[in-house]
Structure formats: structure tokens, C-alpha cells
Amino acid sequence: MLAPISWRTPPRHYGPWEQIVSSITEGLVRRGHEVTLFATADSETEGVLQSVCPRPYSEDPTLDAKVWECLHIAHCFEQADDFDIIHNHFDFLPLSYTGLVSTPVVTTIHGFSSPRILPVFERYNGRAKYVAISDADRAASLDYVATVHHGIAMADFPLQADAEGYLLFFGRIHPDKGCAEAIALAKLLRRRLVIAGIVQDAEYFRREVEPQLGEYISYIGPVGPDHRHEVLGGASALIHLINFAEPFGLSVVEAMACGTPVIARPLGSMPEIIVPKVNGFLVDSIEEAADAVASCRHLDRAKVRESVVHRFSVDRMVDDYVRVYESILAEPQPSSSSRSFISALL
């Protein structure tokens, strides 16, 4: 399992890619598979941990990201012959190694940060096997072996039957995520808004968020796994008025698992996750969002949870990936056809 090294695996607070890597890794280990996790040295796993990067570079500015990414990826691919499959969660850089090894490489594409990276995926289309995290996030020029929606550990997000009355923005503080729109909605309704997440765009935070903090609006910073369910479950609604095509939206499913409905723009994967009038609402304007907030009180929070508990569980996600591995290993593999599926490298 090849994890990113921006954050620890699993993350202490923020790190959705690292969280998914951890969930898949531990799920496979529980099923008896031998899994080697390539991640930062402070990562935690029941599998075998291999690392060259001592700490996440997003937590230690003295680490040069490019240097440690180079060493990290090479450390994995230099051992490729020891594994049945390499499962890449490191975006496009490891694709350039796939022509140098005979071990099959499956890459989960966690969204496209820019159209400018697409030529790399196109160059290795077919050699590397691609998995999309939503149907909406598939690029027309690429071939995919599957769409595998993310899954979460439902036990970590128990149902909270009674909300505490606040609205919640939970995610990166960045224009894409619509924090300013959530603030505008809260001010329109004169409702309390709690903002949780890392500040990814400092100028945006200073310009659009910080001046609004006060009577109705509060910022509590990033929230770690120990308290995430409390913050998500206490909200009357998660406000997700995004300004981009969301590849998946992990916090959306986490909120629903706690019984909290989601109000979102119908961009990217949102129509694949949100069932209108069951677990949330899809809206096109602040005014429609205001109406949706009023309608949330009529939704059954137990049914909100029920709508995602099977579709977006870790077990379902691991089932899907095992099927992906098995289908890839069933194909003729150069100089590796005698291997059995006893280990998976994610």
C-alpha cells in the first residue's frame, strides 16, 4: 500500500487520502492478507510498516516535500518483486515507475488537482489500472477497472438522535469548499455556524472568514478522530455549498452516519451520495439552502444514517478492492503468474 506522506497514516486530524489508505490496509489485515504499508515512520498499522520519511512534511516544514516523495516512491518500487500488487494512492508520480516493474499497479485516483496532470494518467493508461472514487470523477480519456466509493468505519460515527441546533462547515478552508457561502447562509438565517477544518488558503481565511467570526460564526480548527463524531453529530445540517466538482466528500458520509443531513450543491459526486429529502438536499442557491435548512427538521436522523450505513462502509469498500485485485491478478502477468494472492501493497 503506497500512501501519501503529507500526513500520517492514519491522520491525526486532516488527511482524507491517508485515512482511506489506513482503512483499506487494516481491513485487509483483518481478513488475513499480508499487507505492507509504505507511509511516514510515525504511521500506525497492524500490517508491516516500511518508511523512509520520518514525519509528515505538512507537519514539519523543514522536510523538503519533493525530496522525501522521491525517496518514498523509490523505496516502494525497488521492492516491487516482493509483492503481488502495488496499490498506489500517491497520485500521478508513481505512474512513471510502472514501466520499470512487472508487478501490477492499481492506482486509486483521488480526484484531479488540475487538468494539467491528466497527460501523465493518459500516458500510463492501460499499463496502470485505474480506480475512480466516484462515477462523476471519471476522466473521459481514461480507462477504469472499477469505481469504488470510499467507506468509513460506521462504529466510529454513531447516530446522534438529537442535534444541538448549529449548522456546520467541515472541511478545508478554501474557496472550492464554500466556507464563505456557509457563512452567508448562517447570517441570512441568523443561525449559529461552527467551522471546522484546516486553513488551506490563508488569504481566503483572512479575507472571507476571519472578519465574520463573532456572535453567530465560530472557528474551532481541525477536529481529530476522537471528537469528529461529536462535532458532526451535533449539527442540524452539514453545509457543503462547494464551488467545484467534489470527487467524493468523506465528511458528507461521516455526517450522515451520525444522522446529520447534508445540504450541498449538485456538483461532482454529490448526486451519487445525497438522496434528496432522505439524507439531505441538493441546492443551487443560498436561498434554496435556506429553505433546505428549514426542511431538515422533518428528516428522520435514523433514516439519514440508514441511507449510508451499507453503501459507504469500510467492509463494502474492502470487498470492492479485493474484487479489483482478484480481477487484475487473473490477467496474464509477465514473470509473475506463479504468485498467489498472499499480499497486497497499498
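User: Is Arg190 buried or exposed, and how do I read that?

Analyst: Start with the cut-offs: buried means under 20% relative accessible area, exposed over 50%, and partly exposed in between, using a 1.4 Å probe and protein chains only. Arg190 has a relative accessible area of 57%, so it counts as exposed. Keep in mind that this is a predicted model, where local features need pLDDT of at least 70, side-chain atom pairs count only at pLDDT 80 or more, and totals for chains, interfaces and linings use all residues. Residues are numbered from 1 along each chain as its sequence is written, and side-chain values use heavy atoms, with hydrogens and water left out.

User: Where does Arg190 sit, and what is its phi?

Analyst: Helices (H or I, at least four residues) and strands (E, at least two) are DSSP runs, numbered from the N terminus. Arg190 is in the loop between helix 4 (179-189) and strand 8 (193-196). Its phi is near 55 degrees, a positive value in a residue other than glycine.

User: Which phi value does Asp91 have, and is Asp91 buried or exposed?

Analyst: Asp91 isn't a glycine either, and its phi is positive, about 70 degrees. You'll find Asp91 in the loop between strand 3 (86-88) and strand 4 (105-109). At 15% relative accessibility, Asp91 counts as buried.

User: What about a residue in between, like Val120?

Analyst: Val120 comes out as partly exposed, with 24% relative accessibility. Look for Val120 in helix 3 (residues 118-123). Contact means heavy atoms within 4.5 Å. Skipping residues up to four places away in sequence, Val120 touches Phe92, Leu95 and Tyr130.

User: Which residues does Lys129 contact?

Analyst: Lys129 is in strand 5 (residues 129-132). Leaving out neighbours within four places in sequence, its contacts are Val105, Val106, Thr107, Val145, Ile328 and Glu331. For the chain, among contacts between residues at least 6 apart in sequence, 63% join residues at least 24 apart.

User: How do I read a helix, say helix 10, and which of its residues are buried?

Analyst: Check which residues are buried and where they point. In helix 10 (residues 301-309), the buried ones are Arg301, Val304, Arg305, Ser307 and Val308. They lie on the same side of helix 10, because they cover an arc of only 155 degrees around the axis. That arc is the one made by the directions from the helix axis to the C-beta atoms. Turned away from the buried side is a face with the exposed residues Lys303 and Glu306.

User: What covers the buried residues of helix 10?

Analyst: The cover includes helix 6 (228-233), strand 10 (235-240) and helix 7 (250-257). Helix 7 has 8 of its 8 residues buried, so it is largely enclosed by the rest of the structure. After helix 7 comes Gly259, with a positive phi near 95 degrees.

User: Where is there a cis peptide bond?

Analyst: Look at omega. Thr9 and Pro10 are joined by a cis peptide bond, with omega about -10 degrees. Pro10 lies in the segment before helix 1 (16-30).

User: How many helices and strands are there, and how compact is the chain?

Analyst: The chain has 11 helices and 13 strands. Its radius of gyration is 20 Å, close to the 20 Å that the globule rule gives for 346 residues, so the chain is as compact as a globular protein of that length. The radius is taken over C-alpha atoms, and the rule is 2.2 Å times the number of residues to the power 0.38. Of the 346 residues, 55% count as buried.
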